[in-house]
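Please look over the model shown here before reading on. The report below walks through selected local features.

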Amino acid sequence: MNELNDQTHSAGKAAGPCVMVIFGATGDLTKRKLFPALYNLAKGNLLSRNFAIVCISRTEMSNEAFRDQLSKDMETFATSTVEQNLWGWFLERTYYTPANVTNTDCYRKLRDLLTQVDQTHGTGGNYFFYLATAPNLFGEIVRQLGASGLARGENGQWRRVIFEKPFGHDLESARALNAEIRQVLNETQIYRIDHYLGKETVQNILVFRFGNAIFEPIWNRRYIDHIQITAAETVGVEKRGGYYETSGALRDMVPNHLFQLVSLTAMEPPISFDANAVRDEQAKVLHAISPIPPEDVLSRAVRGQYGEGIVNDERVPSYRSEGQVAPNSTTETFVALKLMIDNWRWADVPFYLRTGKRMPNRVTEIAIQFKRAPLLLFRDTPVERLRTNRLVIHIQPDEGISLRFGAKIPGPIMRVGAVEMDFNYVDYFGSTPSTGYERLLYDCMIGDATLFQRADMVEAGWRVIEPILDVWQALPPRAFPNYPAGTWGPKEADELLERDGREWWKIEEQPND
């Protein structure tokens with residue numbers, strides 16, 4: 001631990017002195033993601049020597065008891081071997097205070113504790129606040145931070161706030177929340193987090209597109225037939241039934257995770273990799289997505305809910321049998337959409353999105369389907385149908401990129417077969433222990449907001465799905481559950497593409513397709 005930050009890490013310099021304040025610190029996010037991510041940053045020499053963590057939650061617990069619990073949790077959730085010297089360094093600068101975040105007294109205690117931490121660890125009065133709480137507390141916490149003076153940096157000190165999703169539950173609430181927090185914070189202090197953007201392959205989309213001259217010239221409507229984006233999970237709602245009943249798959253996944261992938265896939269080249277330059281181009285894409293007219297929602301937006309079925313050779317219950325779920329629930333656990341981007345690059349190129357729970361595979365990927373080559377060259381051969389080229393960007397669980405192209409099958413007859421050319425991150429660059437939060441926490445510490453959503457991006461995403469929410473609320477689903485657990489969703493999702501003469505990229509058949 002004595003060597004912490006003595007050297008500059010190859011991926012960048014160590015962040016400057018600061019304190020991370022976690023609201024809702026006894027929740028799952030803290031033990032499963034935040035502390036393992038911070039530990040990985042320290043192990044990579046990307047944390048300052050002058051770093052500390054202040055944790056706040058309602059649970060009555062002493063500082064020592066909280067540290068003991070953290071140590072037990074790290075045995076389960078750390079992504080690499082925990083070095084005791086380094087972990088000891090962490091514990092001695094981790095503080096816990098029980099408090100009610102809606103009570104003014106919480107912020108008085110917090111201010112006093114931060115003053116003490118600054119003096120003990122030399123953190124310089126730089127604070128970032130992570131709101132790992134229920135979303136309905138976001139506005140109140142920010143208001144209290146402002147009233148207590150904790151949101152205002154002076155004499156070169158900085159203050160930032162990270163908001164977990166969901167950011168609002170519709171367009172109106174997102175606008176209201178943006179307006180409320182901007183009464184206290186300016187946009188440069190606001191970090192709306194999306195952990196999908198912490199994944200290496202998501203970040204690599206920009207490098208892949210704009211750093212390789214062979215792809216950017218064909219990344220448009222002249223050569224691309226359509227794009228599919230899939231985010232599938234094998235798990236059900238687990239212990240989140242209460243939250244999921246008020247959210248559903250559309251709100252939970254589409255305006256944040258999937259639209260981030262859409263914007264990075266479809267954006268124009270930014271003038272630089274400056275945060276606002278990148279986000280300007282992302283915002284343009286989101287504003288260019290044409291909202292589905294209400295009369296077309298039932299034909300271009302598909303919803304599903306899983307019944308009982310088999311996942312990973314185990315029988316699993318239906319959504320309606322999950323804890324805190326109504327026995328006649330009409331909440332969707334699956335969504336498929338056909339969206340169009342109304343700009344020059346993507347005119348007439350459909351973007352098909354799907355996301356769901358209790359799918360056969362846990363996978364997130366972007367499939368770029370190129371147009372078919374003309375058959376004229378092969379008119380006097382047995383080749384009846386040319387396979388199309390497909391580029392697939394695999395985001396999770398195995399990060400990489402694969403390209404399918406045609407090649408002649410050896411023999412005296414002209415036959416064309418599909419060839420897969422695969423790149424896996426782990427094969428080329430080795431594996432790096434990661435939770436997906438390391439890059440995002442580090443970026444907040446150094447003030448780089450590139451991978452965080454801006455207010456206009458959030459509102460643009462909600463604007464697109466607002467008509468769908470309205471129609472679905474007015475017309476409850478007729479036949480839920482409508483797909484067995486362990487399948488790729490309801491038949492209407494297949495029909496969504498079949499009407500256009502297309503089909504979903506069969507993920508389970510990748511090796512042999």
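This is a predicted model: local features need pLDDT of at least 70, side-chain atom pairs count only at pLDDT 80 or more; totals for chains, interfaces and linings use all residues.

Residues are numbered from 1 along each chain as its sequence is written, and side-chain values use heavy atoms, with hydrogens and water left out.

## Helices α8 and α9

Helices (H or I, at least four residues) and strands (E, at least two) are DSSP runs, numbered from the N terminus. Two packed helices are described by the angle between their axes and the distance between the axes. Helix α8 spans residues 241-266 and helix α9 spans residues 275-288. Their axes come within 9 Å and cross at roughly 110°. Axes are lines fitted to C-alpha atoms, for helices over the stretch in contact, and angles run from 0 to 180 degrees between N-to-C directions. α8 and α9 are therefore roughly perpendicular to each other. That label covers 65 to 115 degrees; angles under 35 count as roughly parallel, over 145 as roughly antiparallel, and the rest as oblique.

On the α8 side, F259, Q260, V262, S263, L264 and A266 make the contact. They meet Q282, V285 and L286 in α9. Contact means heavy atoms within 4.5 Å. By class, this contact has six nonpolar, three polar and no charged residues. Ala, Val, Leu, Ile, Met, Phe, Trp, Tyr, Cys and Pro count as nonpolar, Asp, Glu, Lys and Arg as charged, and the others, Gly among them, as polar.

## Cavities

Rolling a probe the size of a water molecule over the atoms shows where empty space is left. The structure holds two cavities of 30 Å³ or more. A cavity is a set of points, on a 1 Å grid over the protein atoms alone, where a 1.4 Å probe fits but cannot get out; lining residues have an atom within 4 Å of a point. Grid points are joined across faces, edges and corners, and a volume is the space filled by probe spheres set on the points.

The largest cavity has about 110 Å³ of space. Its lining has 13 residues, and K165, F167, N256, Q453 and V458 lie nearest its centre. Helix α8 gives the largest share, three residues. Both α8 and α13 (455-474) supply at least two residues each. The lining has seven nonpolar, two polar and four charged residues.

The second largest cavity has about 30 Å³ of space. L197, Q260, L264, V278, Q282, T450 and L451 line it. α8 and α9 are the elements that give two or more residues to this lining. Its residues divide into four nonpolar, three polar and no charged.

## Helix α5

Helix α5 covers residues 138-147, and F138, G139, I141, V142, Q144 and L145 in it are buried. Buried means under 20% relative accessible area, exposed over 50%, and partly exposed in between (1.4 Å probe, protein chains only). The cover over these buried residues includes β1 (18-23), α4 (104-121), β4 (127-131), β5 (159-163) and α6 (171-181).

Q144 counts as buried at 4% relative accessibility. Not counting residues up to four places away in sequence, Q144 touches V101, T102, N103, T104 and Y107. After α5 comes G149, whose phi is positive, near 85°.

## Loops and backbone

S434 sits in the loop between α11 (425-429) and α12 (438-446). S434 is partly exposed, with a relative accessible area of 44%. Leaving aside neighbours within four places in sequence, S434 is in contact with N40 and T79. The C-alpha atoms of S434 and K33 are separated by 9.2 Å, though these residues are 401 apart along the chain.

Where are cis peptide bonds found? One runs from K165 to P166, with omega near 0°. P166 lies in the loop between β5 and α6. Another cis bond joins Q396 and P397, with omega about 0°. P397 is in the loop between β15 (390-396) and β16 (400-408).

Definitions and conventions: On a 1 Å grid over the protein atoms alone, a cavity is a set of points where a 1.4 Å probe fits but cannot get out, and a pocket is an open set with protein on both sides within 12 Å along at least five of seven lines; lining residues have an atom within 4 Å of a point.
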